[in-house]
Amino acid sequence: MRTLVYFRGPRPKIELPDPIPLLGRTHNFREHVFTIAVEPTILRFTRPFTAPCLFVILVAVYIVAFSFLARAQWFLTPSSSFVDCTSVFWEQNAGCGLDGELCAPFANVSFDFRCPAQCSSVVLQNPRFVGNVEVEFVPLLVGGGDSQGTYRADSFICASAVQAGFISDSTGGCATVQLVGNFTNYLATSAFGLASIGFPSSFPMSFRFSPSTTLTHCTDLRNAALAFNVLATCTLFLVLRPKAIVLYWCLVCIGFWHVVLFSQPQATPPPLDVAFGAFLPTLFVCYAFWRIAVRFTMPVFANAPFESMIWYLAPYWVGVLTNLTMEQIPIDRLTAQDIKQQPGGLTALIIIILVLLVIVINQIRVIRKTGYLPYYLGWYVMGGGLVSLILALLPGLQFRLHHYIISIALLPGTGFPTRLSAIYQGFLLGMFLNGVAAFGFDSILQTAADLVRDGPTGSPLPTFLTNSSTYSAAATLANQTISWADVPSDLANQGWNGFSLLVDDVERYTGTALNYSLAAIESGLPHFFRLAYMSNGLPGDFTMPAILWSNGTWVNPLPGPS
């Protein structure tokens, strides 16, 4: 009973006192009394700049300046010249069709392109096979180590240009790329913090770079925009000091459009129609944030502008720039498969849970002091239970915890006049704005196929009949065939009715035959074979690669999909 009374808190409920400014009060230290008057000094010197008419004028100036920055960033370069950080000439597995015909032409084509900044940190989120080498959680770079800097066509164009020294990772840039067709023996290299892998066989499409370009306005201005917006928000807190609700809405708008136009656009150039489509519901959710939490915390720091700036802005920008501040955490999506797949993912998750647990326990302590703990626990328990019940009754869907959902769930518990509450609000608001501006309001319920993205789907895998015992190294390639087992009847009843064969990562056969002649492949080189069932003309998962080394040695594929 005493425990229940303790957790219930005081009756009647009480309001916590407003915090006293740290930099505006008298302190006692070893019998010495001294006064820190930083906050009163700021209030006195900035009072002439707090007039509403000046605020309106400066907001108009900000909007014009920000618009010119956005124009210089995206709209002075032809939109057709932009490529994003994962752009490639050759699609994964059978994405380019039989013999790559969907990705033609293979050679004698060049064009000028522009890359955004920070492409070196954009990595593969699912394993990708290049020959017999598995690549994961790094930019896909194949080749570049020969004297002419030749890359395989499925390499990330922008990361390749950074490694080749034609553009800067910090500011992006422009260059010219030429398609040079078939190439053999791509060599690995390392430069500018990026390492490529080699590929010892042939591939039908390759590219090289040259510095000549007709494009202008190639510098990515995200760093300049960040400095501009950080200065603007600091000015709002320290100098202009509008009412708390006005200050809050300024943070909402600045953070949202900074992500949309500079730090993490959804495409290059950013789709403004999509951004405006997400902006209105963002404002609605942020209004709910204000009503249930922020209005109880931000106004109490009105007489401590410097302290308020520190508590709100530092975590706010950490949240807005989540793609940069959290990129070293080895978790991309909060799903069991992703956490298991990424090295260090489980450890990172445990650390995050422990930190979150400490924060939640401390906030529960604060809420208990007011007597509102039963009220908050009731809403969280009832809401969490209702969501869990709904999820359990929806078959075929999996819960996906987006980071904007974390903000929506946690921010209501921060509506108290404490410094820690201000820090939590700043971070959660910034993280929410990053999530909805960069990815939209993605569903919290997604199918397994949505979560897989470009990884294996779990479809059945065919079986090679050719193996290290049956393959004859004495025969020439012209007289060699490889074979595989027919589609089992139970899989045929599910719609699997053919095969797709990748030879050296290029689709070379589709159909119902159970063998493939090696007469057309080049001798003296290693070759890699991956096989998949087909249904309605589309391949399922491919097997791991079977390897035919140049000396005639056949290596059986490992179990599982590639």
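T418 is in contact with L16, T297, F301 and V366, leaving aside its neighbours within four places in sequence. The model is predicted.

**Around T418**

T418 sits in a loop. That loop runs between α13 (403–410) and α14 (419–439). T418 counts as buried because its relative accessibility is 18%, and buried means under 20%. Its side chain also makes a polar contact with the side chain of S421, at 2.7 Å.

**The nonpolar cores**

The largest nonpolar core has 56 residues. Within this core, Y248, F256, F289, Y316 and L429 have the most contacts. Several helices supply at least two residues each: α3 (52–74), α5 (222–240), α6 (244–263), α7 (272–292), α8 (305–320), α13 and α14. The biggest contribution comes from α6, which gives 13 residues.

L429 is one of the residues with the most contacts inside this core. What does L429 contact, leaving aside its neighbours within four places in sequence? The partners are Y248, L251, V252, C286, F289, Y316 and L411. Y248, F289 and Y316 are themselves listed among the residues with the most contacts in the core.

**The cavities**

How many cavities of 30 Å³ or more does the structure hold? There are two. The table sets out their volumes and the classes of their lining residues.

| Cavity | Volume | Lining by class |
|---|---|---|
| Largest cavity | about 100 Å³ | four nonpolar, three polar, six charged residues |
| Second largest cavity | about 30 Å³ | five nonpolar, one polar, no charged residues |

The largest cavity is lined by 13 residues. Which of them lie nearest its centre? They are Q92, N93, R128, F129 and R530.

How values were computed. Residues are numbered from 1 along each chain as its sequence is written. This is a predicted model: local features need pLDDT of at least 70, side-chain atom pairs count only at pLDDT 80 or more; totals for chains, interfaces and linings use all residues. Side-chain values use heavy atoms; hydrogens and water are left out. Helices (H or I, at least four residues) and strands (E, at least two) are DSSP runs, numbered from the N terminus. Buried means under 20% relative accessible area, exposed over 50%, partly exposed in between (1.4 Å probe, protein chains only). A polar contact is a pair of N or O atoms within 3.5 Å; within protein, one must be able to donate a hydrogen and the other to accept it, and residues adjacent in sequence count only if both atoms are side-chain atoms. Contact means heavy atoms within 4.5 Å. On a 1 Å grid over the protein atoms alone, a cavity is a set of points where a 1.4 Å probe fits but cannot get out, and a pocket is an open set with protein on both sides within 12 Å along at least five of seven lines; lining residues have an atom within 4 Å of a point. Grid points are joined across faces, edges and corners, and a volume is the space filled by probe spheres set on the points. Ala, Val, Leu, Ile, Met, Phe, Trp, Tyr, Cys and Pro count as nonpolar, Asp, Glu, Lys and Arg as charged, and the others, Gly among them, as polar. A nonpolar core is a set of buried Ala, Val, Leu, Ile, Met, Phe, Trp, Tyr and Cys residues joined through side-chain atoms within 4.5 Å.
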